[in-house]
Amino acid sequence: MPENIEEYILKVENLNVWFPIHSGIFSKIVGHVKAVNGASLQIKKGETLGLVGESGCGKTTLGRAILGLESTYAGKIFFEKHLIASQDEDYDRNVAAKHIQMIFQDPFASLNPRKTILEIISEGLIQHNRIKKSPEEDVGFWLEEVGLIPSMMNRFPHEFSGGQRQRICIARSISMQPDLLVCDESVSALDVSVQAQVINLLMDLQKKYQFSYLFISHDLSVVRHISDRIAVMYLGNVVEVGDSEKILDSPQHPYTEALVSAIPVPLEEKKDRIVLKGEVPSPASPPSGCAFHTRCRDKMKRCMSDKPTLKPFAGRNVACWLHEKN
Ligand code: SF4
């Protein structure tokens, strides 16, 4: 069991989620797509950890691994004191199902179009023996909690707007009374005004029910509003993690610096934007040393051969040789 586990609801340790690449008539494994490649992070009880990075950096795969939806190649995930993912067979498969829920990006795709909202929300409650009064009363209660009218429960998903559908997904997830909610790009598909309403709803629900969030997004300007701490991911690894204010006010990793410089700000506060050159390298053959060296304007000789790990610096943890003496 890791140290200080009582402080954290979730702890991810050196996690690798690799997908095999098959080739030839015998479908031999010729390599791996290293979607998550040695990532570590922790989430405290009742906090929101924002997980940001460009698309393809592995953040969704990391979220899915936490829920047990992806097999791990190496590393461990703990929920409280329970080991919930590892390569050994001794981990507890039921803990994630009981305590962790996910809200996906596309609410329409995650709601069965043939079922009414009553059927969709009550399904999990019935399966896990969580009906308190009756399916109708319980579902009505959770719909009200997310700002919808209980009488809507007999309608089908296509009768709702995008924002309402996301509220239904939130109602379905919180009705299971989770301790941790993984929100995977949960507001990205919504209009900006609806995004703000849904973020405010998530924050209000957190105050009331005290759950933790892992809030995954490619958009730092969305993550800044909801997160207590931010973890920045690049090519399968967490490269900087710390309090939101510190990360946004004084980013220390060159990649975080570029992401922060791209956040839209009022004209009078405008600073120079750092434009990253080149594409994100393929996770099937990540660069040696620091994975960011192919795009980093501050790279040094050692960056090409030695991989930096997360180390405390300026009140956060950062993986960059610029901040290490040896
Ligand atoms: Fe840039 Fe080197 Fe730091 Fe990587 S370790 S971010 S290449 S300076």
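Let's start at Gln-195, which lies in helix H6, residues 192–209. A word of caution: this is a predicted model. Is Gln-195 buried or exposed? Its relative accessibility is 14%, so Gln-195 counts as buried. The cut-off for buried is under 20%. Now its partners. Set aside the neighbours within four places in sequence, and Gln-195 is in contact with Val-187, Ser-188, Leu-190 and Val-222.

Next, the sheet. Four strands form an open sheet in the order S2-S1-S4-S5, and the pairing is antiparallel. Which strands stand at the edges? They are S2, residues 28–44, and S5, residues 82–85. Each has a single partner strand, so one side of each is left without a neighbour in the sheet. On average, neighbouring strands here are turned by 30° against each other, direction ignored.

Look at the pairing of S1 with S2. These two strands run antiparallel, and 13 bridges join them. To find your place on screen, take Leu-15: it stands opposite Ala-39 in S2.

A helix packs on this sheet. That is H1, residues 59–66. H1 touches S1, S2, S4 and S5, where S4 covers residues 74–79. The direction of H1 makes about 115° with that of S1.

Ile-9 has a relative accessible area of 4%, so it is buried. What is Ile-9 in contact with, leaving aside its neighbours within four places in sequence? The list is Ile-43, Lys-44, Lys-45, Phe-78, Phe-79, Glu-80, Asp-179 and Ser-212.

Last item, a pair of helices. H3 is residues 117–127, and H4 is residues 135–145. How do they cross? Their axes come within 9 Å, at an angle of roughly 105°. That makes H3 roughly perpendicular to H4; the range for that label is 65 to 115 degrees. By class, this contact has 7 nonpolar, 1 polar and 2 charged residues. On the H3 side you see Ile-117, Leu-118, Ile-121, Ser-122 and Leu-125. They meet Pro-135, Glu-136, Asp-138, Val-139 and Leu-143 of H4.

Methods: Residues are numbered from 1 along each chain as its sequence is written. This is a predicted model: local features need pLDDT of at least 70, side-chain atom pairs count only at pLDDT 80 or more; totals for chains, interfaces and linings use all residues. Side-chain values use heavy atoms; hydrogens and water are left out. Buried means under 20% relative accessible area, exposed over 50%, partly exposed in between (1.4 Å probe, protein chains only). Contact means heavy atoms within 4.5 Å. Axes are lines fitted to C-alpha atoms, for helices over the stretch in contact, and angles run from 0 to 180 degrees between N-to-C directions. Angles under 35 degrees count as roughly parallel, over 145 as roughly antiparallel, 65 to 115 as roughly perpendicular and the rest as oblique. Ala, Val, Leu, Ile, Met, Phe, Trp, Tyr, Cys and Pro count as nonpolar, Asp, Glu, Lys and Arg as charged, and the others, Gly among them, as polar. Two strands pair if DSSP finds at least two bridges between them.
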